[in-house]
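Please read the following report alongside the sequence and the coordinates.

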Amino acid sequence: MIKKTFLLLSFFVMVLMITACSGLDRLVSGNSADVPEGATEIVMWNLFAGGDAAYMQEIVDKYNNSQGTYFINNVQQEYEEYYTKLLTSLGAGKGPDIAVSHAHTLPELVNLDVVEKLDSLAEEVGIDWTEYNKNILESTMFDNQHYAIPIDTHPHIFYINNELVGEAGLLNDDGTLKMDKTPSGYREFFNTLKNELPEGKFPFAFVTAGVDSFRHWWSYYSQLGGEHIVTEDLENPTYALDTEKAIEAAEYMLKFWYEDEVIPLNLADFYSDFQSGKAATIATGVWSTGTWENTEGLEITAMPLPNIFGEKGAWGGSHTLVIPSYEETDPVKQKGALEFMNYAADEGAIWAKAGHIPAKDTVVESEAFQEMPYREDYAQTADYINFMDRTIYARAINDIMVRNLDLIWTKEVTPEEGFQLVETEVKDLIAD
C-alpha cells in the first residue's frame with residue numbers, strides 16, 4: 001500500500017508539473033471528427049506509427065462503416081509522449097474512451113486504478129474469452145480479472161535471405177534450414193555462412209547494443225528455462241533472476257561477435273544491411289515482415305528464433321486496448337468501446353498485415369490469415385512467448401537490463417559483473 005500511495009502521489013505531482021508548464025487543454029487535445037448524426041462518439045487514443053497506424057485506421061473505418069450506433073474517433077498520439085499524456089489526461093478526467101496499452105505497461109495502469117475491469121461488461125457484450133490465445137490473454141489478467149483486450153503479440157523472430165542462405169548450401173528442398181538445432185549447430189550454421197558468402201556479404205545483421213539485444217538475450221534465457229527477472233507480484237516483487245542461466249545466455253551471444261565474428265561490431269543500421277541484401281540473416285520483431293515482403297528483390301523466410309537450448313522460448317510483447325476509468329462513467333460509451341475492441345481483435349487479419357500475430361486463435365485459424373505469406377510460419381510462437389514480468393516496475397527493469405547488457409556486449413564488464421550490477425539496481429528499485 002505504501003508503494004501504491006507513493007506512485008499515486010508521484011503521478012499527481014507529475015500531472016501538476018506538466019499541466020503548469022504546458023496547459024492541460026493543449027496537452028490532452030485530440031482530433032476533431034465529423035460524427036454522423038445519431039451516433040455516439042467514442043474517442044480512441046493510439047500510439048501507432050507507419051504501417052501500424054494505417055492498418056488500425058483501416059479497422060476503424062471498417063467498423064464505422066459497418067454500423068451507425070457508434071463512431072470511433074481514432075486519435076493519433078506521439079509515441080514518445082504517449083504514456084505521459086495518457087496518465088495526465090486520466091488524472092484530469094479528460095482522457096479517451098479507449099486507449100492502447102502495451103502489455104508490459106498494463107500493470108502500472110491497473111495498479112493506479114485508471115482502467116476498468118472488463119468482466120461484467122464483457123458478459124453483457126457477449127465476449128468469448130476462449131477465442132483468444134491463452135498465453136496472450138493471461139498477460140492481460142490480474143487476480144483472474146480481465147483488464148484489456150489484446151489485439152496481437154509481436155515476438156522477436158528470425159529472418160533469412162533465401163538467395164544468400166540457399167547459395168551457401170544451407171536450405172533444404174522444403175525451404176527449411178540445414179541446421180542442427182543445438183547451440184553448437186546454430187554456431188556452425190553461421191560459421192558456414194561466413195565461409196561461403198561472397199565478398200561484401202556477412203552472416204548476421206544485429207546490433208551490439210540496445211533493446212533488440214536485450215530481446216535476443218531474453219529469448220535465449222527463456223529457452224534455457226529462465227522465467228523471471230522479478231516475481232510477478234504487482235507492487236511487491238522479489239528478485240528472481242536465474243543468474244546462472246542469465247550468464248550462460250550472455251556468454252553464448254558474445255561468441256557471435258568476438259569468437260566466431262559472424263556479426264560485425266557496431267553496425268550503423270542493421271535493418272538496412274539486411275534489406276539491402278548485405279546480410280544473410282537478421283533477428284528482430286515481426287513488425288519487419290511487412291517491410292521485407294515489400295522490398296523489391298528481397299526473398300525471405302520468416303521463422304521463430306530457433307529453439308536451441310531444449311525449451312521453447314522467445315521475447316514478445318502485446319498491444320492491448322483498455323477502457324480508462326473515470327469518476328463519472330458513461331455506460332453507453334463503455335459498451336460501445338468494448339464492442340469495438342472485440343471487433344478490432346476479430347479483424348486481426350488486417351492487423352497482421354504489419355506482421356503481428358493476431359491475439360485470437362480463431363483469427364489465426366481463419367482462411368484470411370492462413371493465406372497470408374510468412375505469418376503462419378511463426379504464428380506458433382504466440383503459444384510460448386515469455387512475456388515480461390507483470391509488475392509496476394516492468395518499464396524501469398527493462399531500462400536497467402538494456403543498459404547493463406550493453407556493457408556486457410561491448411566488453412566493458414564481464415557477464416558476471418554485469419548481472420551483479422543488474423541485481424543491485426533492480427533490488428534498489430523494488431526495495432520498500
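## Basis of the model

The model is predicted, so that local features need pLDDT of at least 70 and side-chain atom pairs count only at pLDDT 80 or more, whereas totals for chains, interfaces and linings use all residues. Residues are numbered from 1 along each chain as its sequence is written, and side-chain values use heavy atoms, with hydrogens and water left out.

## The largest pocket

The largest pocket has a volume of about 1000 Å³. A pocket here is an open set of points on a 1 Å grid over the protein atoms alone, where a 1.4 Å probe fits and protein lies on both sides within 12 Å along at least five of seven lines, and lining residues have an atom within 4 Å of a point. The volume is the space filled by probe spheres set on the points, which are joined across faces, edges and corners.

The lining comprises 41 residues, of which Tyr 79, His 102, His 104, Arg 215 and His 319 lie nearest the centre of the pocket. Two or more lining residues come from each of helix H3 (50-66), helix H4 (82-92), helix H10 (211-223), helix H13 (289-293), strand S11 (316-317) and helix H19 (394-409), these elements being DSSP runs numbered from the N terminus (helices H or I, at least four residues; strands E, at least two). H4 gives the largest share, 4 residues. By class, the lining has 18 nonpolar, 15 polar and 8 charged residues, where Ala, Val, Leu, Ile, Met, Phe, Trp, Tyr, Cys and Pro count as nonpolar, Asp, Glu, Lys and Arg as charged, and the others, Gly among them, as polar.

## H11 against H20

Helix H11 (residues 243-258) and helix H20 (residues 415-430) pack at an angle of about 130 degrees, with their axes 9 Å apart; axes are lines fitted to C-alpha atoms over the stretch in contact, and angles run from 0 to 180 degrees between N-to-C directions. That angle makes H11 oblique to H20, since angles under 35 degrees count as roughly parallel, over 145 as roughly antiparallel, 65 to 115 as roughly perpendicular and the rest as oblique.

Thr 243, Ala 246, Ile 247, Ala 250, Glu 251 and Leu 254 of H11 meet Pro 415, Glu 416 and Phe 419 of H20, contact meaning heavy atoms within 4.5 Å. These residues divide into 6 nonpolar, 1 polar and 2 charged.

The axes of H10 and H11 come within 9 Å and cross at roughly 125 degrees, which makes H10 oblique to H11. By class, their contact has 9 nonpolar, 2 polar and 1 charged residues.

The axes of helix H9 (residues 183-196) and H11 come within 11 Å and cross at roughly 15 degrees, which makes H9 roughly parallel to H11. Pro 183, Tyr 186, Arg 187 and Phe 190 of H9 meet Tyr 252, Lys 255 and Phe 256 of H11.
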